[in-house]
Amino acid sequence: TPAPLTDTAPLPDPASGAPFAERARHLPFPFTANSYRYSANVEPAPGRVDTDAGHWGENIIDIDCDYRCDLAERAEILARDPSRCQTLAHMRPAVWDVIETLLPIMAADYPEMMAFYRDGLNCSWRNDLLGLELEFVIGDDSSLGMDPLVFIGGQIQDDIALLDARDGALWLDAGSVTFAADWCLGFDVGMRFTEIHGPVPRVHEERIVSRAEQFLLRLQPGDNFRRTNWTMTVDRRLDTSTDSYPEWGADRRLVLLDPALPDRLHLRVEVQHLIRLPRTGTVLFLVRSYLVSLTEIATVPAWRRRLGQVLAELPADMAEYKGIDRYRASASAWLLGS
Ligand code: HEM
């Protein structure tokens, strides 16, 4: 029989880490203290945040060195599994609202590589990063030559969820979600905000979910907010959807046997934008996922200590929910050099 897995595998010294990575420079490092608990933690967006390694947050849509690679991965996933992108019939106007809202923002933030012009319903869009020049008519799906949600999901690295506001609640009625952290759109589509958060520990007793829903329902058209969330992922794997669990689930256990654990374990940070769309009043929820290995984190001493302490202190129910319970002690010990 194989030896039982322990959480004390010998690990390499963090001092021998990789050179400072561009990814770490713009990482939205999510911890402001040496312990972490759930909270609504929303703030107006955009807004620059300086960190110990650089800065983030200047733009709602963040385009970085992984842009083409992430979008190619999304296209592959959608070709394999179309259920990752779904639009309930009543949400088609909301999808066009997303297109009308985001393309001008991107053109304004990245004028050297993107341009958007609009005359009435007639629009043109240029995206040099993808070699794309396109003319289309707002509301006319055939003018895009593809599903409008697949189109806009092909322009931004973020996953997209669209929440319809009705009967005093929010309903997840459309989305393009290829990079979910251990959930999946196919299961959640059509569900209420409170149901979606059903599996999350603590947030119901602490009334975080009900307060968050009330906050989102009160957003005014054009309001933009954001929050961060985090977990950990084995390897640079964006697709940790429950749909693909058989591909990545066992790694959470097997990684403990791997001496390359600090290179393989990644802090996964999500920057989530919450935007009330101007035309339809739909809540647009964007989730941008960043992955940085422990080796990269360790190049910033303040982060190395802080993440090490957060992982050591995190309550068991939260670690289990995040799926990091098997390896968090090893990760923490490596980061803290003990
Ligand atoms: C998970 C809070 C908005 C979908 C979570 C978690 C928290 C949370 C604390 C657990 C995260 C973890 O430990 O990794 C909030 C708050 C929000 C918000 C405070 C707004 C202010 C949204 C929105 C959606 C959403 C708009 C839209 C679909 C999810 C999903 C999960 C999740 C799918 C994973 C649930 C699962 O395990 O199946 N949320 N959330 N959240 N949230 Fe939210």
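Guide: A polar side-chain atom of His 197 lies 2.8 Å from a nitrogen atom of the ligand; a polar contact here is a pair of N or O atoms within 3.5 Å. This is a predicted model, where local features need pLDDT of at least 70 and side-chain atom pairs count only at pLDDT 80 or more, while totals for chains, interfaces and linings use all residues. Residues are numbered from 1 along each chain as its sequence is written, and side-chain values use heavy atoms, with hydrogens and water left out.

His 197 is also the only protein donor of the ligand's iron atom, through NE2 at 2.0 Å. Donors are N, O and S atoms within 2.8 Å of the metal (3.2 Å for Na, K and Ca), and sites may look incomplete because water is not among the atoms. His 197 sits in the loop between α6 (193–196) and α7 (208–218); helices (H or I, at least four residues) and strands (E, at least two) are DSSP runs, numbered from the N terminus.

Two further side chains place an N or O atom by an oxygen atom of the ligand: Tyr 321 at 2.3 Å and Asn 229 at 3.3 Å. Two or more residues of the shell come from each of α6, α7, β10 (224–234) and α13 (316–322), and β10 gives the largest share, three residues.

Around the ligand there are 22 residues, of which Tyr 38, Trp 183, His 197, Tyr 321 and Lys 322 come nearest; a residue counts as near if one of its heavy atoms lies within 4 Å.

Key:
Polar contact = N/O pair within 3.5 Å; in protein donor to acceptor, adjacent residues only side chain to side chain.
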